[in-house]
Protein chains: 2
Amino acid sequence: MSDSESYPKLPRNTVNRYGKPRGKYDYTTIHSIVNSTPILHISFPTPSASDPFPAILPMLGFMGSFATPSSPLSAPLDLYLHGYISSRLMRLGSSPGHGEEEGFPLTIAATHMDGLVLALTPNHHSYNYRSAVLHGYATAVEGVEEKLWAMERITDNVVANRWENTRIPPTKTEMTSTQILKVRIVDASAKVRAGGPSDDRADMKNEELRAKTWVGVVPTWTAFGQPVASAENRVKEVPGYLKEYLEGKNKEGRSNAENAVLGVK
Amino acid sequence: MSDSESYPKLPRNTVNRYGKPRGKYDYTTIHSIVNSTPILHISFPTPSASDPFPAILPMLGFMGSFATPSSPLSAPLDLYLHGYISSRLMRLGSSPGHGEEEGFPLTIAATHMDGLVLALTPNHHSYNYRSAVLHGYATAVEGVEEKLWAMERITDNVVANRWENTRIPPTKTEMTSTQILKVRIVDASAKVRAGGPSDDRADMKNEELRAKTWVGVVPTWTAFGQPVASAENRVKEVPGYLKEYLEGKNKEGRSNAENAVLGVK
C-alpha cells in the first residue's frame with residue numbers, strides 16, 4: 001500500500017497472529033494511525049520490584065519532525081507526548097540502567113475500532129480495526145522552541161487551527177508547568193483488519209443456520225457532535241475552522257469505517 | 001455517586017493529579033467503564049531482561065461473576081479477557097516468581113473520550129473522559145462451563161443477544177482454540193472529567209480575547225452506522241435485536257457525552 005520505509009522487524013514487534021494479512025511495518029501506516037488517535041495508551045515498567053504491574057496512562061500525542069516540520073507521514077518521525085508526567089514516570093526518567101540508550105523505555109498503543117464483524121459463529125466474530133504499538137526511549141523536551149512547536153502541534157491535533165485562535169504564546173508559568181516528552185522510536189508495528197466475516201465451510205453449508213443468522217459488518221467511528229458553548233462564551237457563531245474540522249472528522253471517520261467494510265486497508 | 005464498595009487505595013493506583021475531583025475507586029464506576037469499552041488495553045511485563053518495554057495488547061473483555069452471574073456492577077467482579085494469548089504472555093503465565101500470588105500480573109486500561117474541551121488558552125484545553133486502570137493476576141479458564149459462560153458474555157458485550165442468534169454451542173476445536181483469561185483484580189481506580197472549560201482569571205478579564213475565542217465542549221462518542229450485509233448474507237432484514245442494540249448504543253453514547261458537557265459524572 002505504501003512506498004514508505006519501514007521499522008525493523010524484531011521479535012518483540014513482529015505480528016505473529018494473522019501476521020501475513022494484518023501485520024504492517026511501514027512508516028505511513030503506523031504514523032497515520034498514531035496521528036489520528038485522540039487518546040494514546042502509554043505503558044512503562046514500574047520501578048519497584050515489589051510492584052509487578054506496568055503502568056498505563058492515557059495521553060495525548062502526535063508524530064512529527066522538529067528538524068523538518070514539513071516531513072510527510074512516510075518520513076522518520078519522533079513521537080511527542082503531552083500530559084502530566086507522573087512522579088513514577090519522572091523517577092524512572094532519572095534512573096539509569098537502560099543500557100546504552102538515552103531516556104526511559106515506553107510502549108505506546110494507538111487503536112481505532114472501524115466496525116463490528118458479525119459472523120455465523122461467535123468464534124468468527126471480530127472487529128475491523130487499525131492498531132499500532134510502538135517502542136521507544138523518552139526524554140523531556142527542554143528547548144523552548146521545540147517545546148512550543150510540540151505544544152502547537154498537539155493542540156492542533158485536537159482541533160486543526162485551534163492554537164492560533166486562542167491566547168498564545170503560553171505564559172512562563174504555563175511553559176514550565178507543561179511537560180512534553182519526545183520519544184525516539186526504535187521499533188513499531190501495526191495490525192489492520194478490514195473486510196467482512198469469514199466463516200468455516202461447514203457452517204456456510206448449513207442452510208438453516210444461514211437462513212436465520214444475519215452476517216455482515218456494522219461500521220463504527222468516533223462521532224463529533226454539535227459544539228455546546230459555555231455560559232462564559234462570548235462568540236455568537238461556532239467558528240468556521242471548528243465547524244469544518246468537525247465535519248471533516250465525521251466524514252473521515254465514517255468513510256474509514258465504510259471502506260473497511262469493503263476490505264480497503 | 002455510588003453506594004458500592006471500593007477498591008483499596010494503594011500508592012500505585014491512587015490518582016494524584018486532580019485526584020480530589022476526578023479520582024474514583026468504587027466498583028460501580030470502574031466496572032461500568034470497563035463493560036462499556038469495546039477495546040481494552042492490556043499491559044504486562046516482558047519476560048526478557050534485554051527487552052525493557054512492557055507489552056500492550058488490545059483485547060476484548062468484560063467484568064462479571066461466574067459464581068453469581070446476576071451480580072450487579074456494584075458487586076465484586078472478575079475481569080474476563082478473550083483473545084489470542086501470545087506466546088510471550090503464555091510464557092509469563094507458566095513462569096513462577098510473582099510471590100504468593102497465583103497467576104501473572106496484568107494492567108488493564110479502559111478509556112472513553114466524551115468530548116473536546118476548548119478553553120481560552122491551549123493550556124486549559126482538555127478532554128471529557130472516563131478512564132479506568134485495573135491491576136490483577138490472570139489465569140487461564142480451564143472449566144468448560146465457566147469458559148462457555150465467559151464466551152457468551154463476551155459475544156453479547158459486542159452485540160446484546162448475539163450469542164443465541166448464532167451457531168452455538170462452539171465445536172470442540174473452537175473451544176480448545178479459544179482462550180479465556182480470568183483476572184482477579186487486586187486494585188483499580190478511575191478518573192472522570194466532565195464539564196466545560198475552566199480558564200484563569202486573567203484570561204477571563206481579557207475582553208478582546210473572549211470576544212474572538214469560542215469556548216465550550218464538543219461532545220464525542222462511538223457511532224454505530226447502518227449494518228452492511230455480506231454478499232453471503234441470506235437474512236433479508238437487519239434483525240430487531242441488532243437494530244435495537246445499535247440504536248441504544250448511539251443514544252447512550254450521545255447522551256453520556258451530552259451529560260458530560262453539563263458536568264454530570
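Reply:

B:Asn161 is placed in the loop between H4 and H5 of chain B. Helices here are DSSP runs of H or I with at least four residues, numbered from the N terminus. The model is predicted: local features need pLDDT of at least 70, side-chain atom pairs count only at pLDDT 80 or more, and totals for chains, interfaces and linings use all residues, while side-chain values use heavy atoms, with hydrogens and water left out. Residues are numbered from 1 along each chain as its sequence is written, and chains are lettered from A and ligands numbered from 1 in the order in which they are written.

Although B:Asn161 is not a glycine, its phi is positive, at about 70°. With a relative accessible area of 39%, B:Asn161 is partly exposed, a term for values between buried (under 20% relative accessible area) and exposed (over 50%), with a 1.4 Å probe and protein chains only.

In chain A, A:Asn161 lies in the loop between H4 and H5. A:Asn161, likewise not a glycine, has a positive phi of about 70°, and its relative accessibility of 37% makes A:Asn161 partly exposed. A:Pro169 is found in the loop between helix H4 (144–158) and helix H5 (172–177) of chain A. Between A:Ile168 and A:Pro169 the peptide bond is cis, with omega near -5°.

Conventions
Helix = DSSP H or I, 4+ residues; strand = E, 2+ residues; numbered from the N terminus.
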